[in-house]
Every structure is written in C-alpha cells, then in structure tokens.
Amino acid sequence: MSEPRLLKYRHSPSWDIDAYVKNGGYQALQTCVTTLTQNEIITQVKQAGLRGRGGAAFPTWLKFDKVLNHETTEHHFVCNAGEHEPGTFKDRHLLRTNPHQIIEGCAIAAYAVNATTASVYINNDYAEEIGIFRKALALAKDGGYLRRTVFGSDADLNIEVFVGAGSYVAGEETAMLESMQGRPAIPRQKPPFYPTEFGLHGKPTLVNNVETISNLPHIIQHGAAWFSSVGTAKNPGTMLFSLSGAVNRPGVYELSLGTPLKTLIDEYGNGIPGGHEVKAVFPGGPSFAMLPGTQLDVPLDTEALKQAGSGLGSAGVIVIDDQTCMIDTMLHFMRFFQRESCGQCPPCRLGTINLKSGIHKIHSGKGSERDIDTLIELCRFAKGQGYCTLVTGASVLLESSIRYFRNEYEAHIHGAPCTLRPYSPATSHAVEIVDQAQTGTA
Ligand SMILES: Cc1cc2nc3c(=O)[nH]c(=O)nc-3n(C[C@H](O)[C@H](O)[C@H](O)COP(=O)(O)O)c2cc1C
C-alpha cells in the first residue's frame, strides 16, 4: 500500500502558510513560474497520466492543451468543489485539511493555460471550509505566493471564491459556469460539448475537480515517474475514497488506484458493523450501477469497474449490508434524483418522477411483476437522455438493483412482510471524517 500523498500534510490550523512552506509548499509553483514553459508543465502532467477525479476520468493534460492552444486568447480556469453527490465528501476534506495544496494547484493550472481569471466554486453547505479556504487564500496573497503567476506579466493571480448554487446538477461543469454568470444552474445544451471550447463567458475554460488540482504541485515537485509509480498503467496515482454506509469506520481514505474494493471495506473501513455481510456496494456513488457483495475482489480503477458493469465516478463508495432493504434503498435514491433533476429535459424530468413512482408503488406493497418490467423498460429508455447524465445515473443504478436483487422486488410484490431495515443515509455529507493516519493502515 502506498503512502498518502494528498492527505500526508497535517498541520493545525490548516491555513498556516509557514508550516505549508516549511513542508516544501509553493516550491512547485515557483518552479513553474521561473523555470518551466507552459508546454513543459503540460508535458509533465501528460507523462504522469493524471486523469480527472471529478467523475469522468478524462486525461487532464488534454484539457490543459486544448485551452492553452485555443485560437481565442481569453482563457479562464475554474476549480470545481461543488461536491453535492450523496456519499462524496473528499473535496470537503481537502478544503478543510490542506487549502494551500488547492491554492497552489489552482495557480499552477491557471498559469499553465494562460488563464486571466481563476475561481473556486464551493458547495454552499461547506461554510466552515469556505472560511478556511478564504483565510488560506488571504495568507497566500499577502505572503506574495501568487505574485507573477499570471503568465507573461508581473500581476498577482486573483483566485475568486464562488459559493455554489446548492444543487447536485450545479456541479455539472456547464451548469456551474451558467450559475457563475448569474443564470440558473442548469446544464447547457450540447454541442458545444466542452468548456475547453465554450466555457465561462463563452471563452475556453479549464474546469478541474479539487482533487485533480491538488495533485499538480506533487507532479511538478516530484516528477511524472514518481506520480505513476503507484496505481495501474491506465490509472496511475492515488485516489481519495469517501467511504460511507454500513462500515465500522467511514472516512476519506487515499489508496493507490487498483486497490481491491475488499481492502477498502475490510482494512480501512474495518468491516461491517455487527459482523454482517455486504449486500451491495455503489463503488462510484449513486450515479453508477451497484455491485453485489460477491464482487468485492474488483480493483478500484476506471477500467476494471467498467468491465464489472459499474464505474469509479468520484469514488464515493457506499456500502449496503445484508440487513438493509434494497427496495427502501432505491426509494431513497430515486427520491434524490427526482428532487435534483433541474427539469429542463423532459426525459429526465418525467423519467425521474416515474422511476420514483414505480419504486414507491412496489415499496408500498401495491406493485405487480409487470411493474418490475416497466421499471426496466423505463431505465433503458431514459439512459443517455438529457443534457447531463443525471437520469442516466438514476437508471443504471435502479436497473442494477433489479438485476442483482429481483428476489427482493418479488418479495415486496407478493406481500411478504419486509423484515429488513430501512436505508439510513446517516453517513454521507455529515460523516465524521476518520483520520487515515489513526487507522494504522496508512
Ligand atoms: C450531475 C453532475 C454533477 C457533477 N458534480 C460535480 C462536482 O460536484 N464536482 C466535480 O468536480 N465534478 C462534478 N461533475 C463532473 C463535472 O461536470 C466535470 O466533469 C469535472 O468537474 C471535471 O473535472 P476533472 O476533469 O478534474 O474530473 C458532475 C457531473 C454531473 C453530470
């Protein structure tokens, strides 16, 4: 097991800039500004093989390159800390424990793509973390660490904090950009597909997740070979896993990509409360298919999870034990998707309502076998529809629950009294974050 990298730094208070600098902080930024060309920075990111940690695992260097070399000269950079998905809380942990790592990463990214503005878009529920981040930002500015970080000029980089629009969809990059421009936080019609082409104010914009950005100072400081010395060939480096649900020790854990799911649950999460069994796991949060408890040997990386029929997403791993009712679990998540659909695309607006109603009917004992098939048809119809992936996520999750646990659906339909516990969402955003160093598994 590799050493934590993004979670290694620990100082209290976390905004203490002297402690960060004593640990080698802001040296990577200095190296970029004084000795590397922008293309050299991008080459290092390419050689490292860093992929986005916000859900799509897109090669980070490619976005950098598209923005830097776009024919339009006005460029922007936005760091995405929207983080509104249930069971995902690793960006919050990074904001709280190491804000300077994010600031340094933002300055490197903005410098590398020749951005004239840099912003960090933060979940509106994260009031404490917004305060921490602002304190750290003021210290970085006052200490002169952002000086001369606008390419080709003597100007200081100004990193602006945007407080998020308070919805899941607002974290989708085009919805986020809309809300930053004072408009409703709803995804843009595609094409144009990417903010690298049409971003903030219609200009080429680099959008990266907080964790993606936090890796940049380390890649510059220690090199691409060091970065890719852990992980797998296609998924180099480490990833932060937000582990929640039925585990003894929920928390944020940094593991090499490719670590088996079982290791995360048993060694880091310390197993299942009461010694119960795993019924299912959402390895990539609620917007990907779940896996049954028989598939815990799967490596946690994008390709392996795709092959297993699921996905890594932003690594919000939710564990469901065998004491929990799958139908109630699905009702909880279908309510979430219905509530969070922004409503602009009819297949998503109506699809999420119908998925919720169908599962509610079965949950309340009024369903029939035909309703299960109708739900499957609806899932297949809704997949791939809409300007963003919200209804696709809801559909693949629900369909996977029927695939693996149809017996529970049938039991509810045939009137057997459900002896299982309802789903408890207690450990999602509100989770008390375990310090990896104290688990003895770091
Ligand atoms: C419904 C929805 C919500 C999303 N929420 C977030 C979020 O909170 N944070 C995030 O970084 N990416 C989120 N994304 C993904 C972003 O659109 C985008 O791919 C990501 O910020 C790019 O950063 P990366 O390349 O560093 O992963 C979301 C996507 C969708 C469809």
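Visitor: Is K262 buried, exposed or partly exposed?
Guide: K262 counts as partly exposed, at 38% relative accessibility, where buried means under 20% relative accessible area, exposed over 50%, and partly exposed in between (1.4 Å probe, protein chains only). Please keep in mind that this is a predicted model, in which local features need pLDDT of at least 70, side-chain atom pairs count only at pLDDT 80 or more, and totals for chains, interfaces and linings use all residues. Residues are numbered from 1 along each chain as its sequence is written, and side-chain values use heavy atoms, with hydrogens and water left out.

Visitor: And what does K262 pair with?
Guide: The side chain of K262 meets that of D266 in a salt bridge, at 3.1 Å from N to O; the term stands for a side-chain nitrogen of Lys or Arg within 4 Å of a carboxyl oxygen of Asp or Glu. Both residues lie in helix 12 (residues 261-268), four residues apart, about one turn of the helix, and helices here are DSSP runs of H or I with at least four residues, while strands are runs of E with at least two, numbered from the N terminus.

Visitor: How many salt bridges are there in the whole structure?
Guide: A search finds 20, including one between R380 and E399, whose closest N and O atoms are 2.7 Å apart. R380 lies in helix 16 (residues 369-382) and E399 in helix 17 (residues 390-413), so this pair ties together parts that are 19 residues apart in sequence.

Visitor: OK, switching to the ligand: which residues are closest?
Guide: The closest are G54, K63, E83, N209 and T212, among 16 residues that surround the ligand, counted when a heavy atom lies within 4 Å of it. A polar side-chain atom of K63 lies 2.7 Å from an oxygen atom of the ligand, and a backbone N or O atom of E83 also lies 2.7 Å from a ligand oxygen atom.

Visitor: Which strand gives the most to that shell?
Guide: That is strand 4 (residues 205-209), which gives three residues.

Visitor: Last topic, how many disulfides does the search find?
Guide: It finds zero, taking a disulfide as a pair of cysteine sulfur atoms within 2.5 Å. For C32, the nearest cysteine sulfur is that of C106, 13 Å away, whereas for C79 the sulfur of C106 is 4.1 Å away. C32 counts as buried at 0% relative accessibility, and C79 is buried too, at 0%.

Technical notes
Polar contact = N/O pair within 3.5 Å; in protein donor to acceptor, adjacent residues only side chain to side chain.
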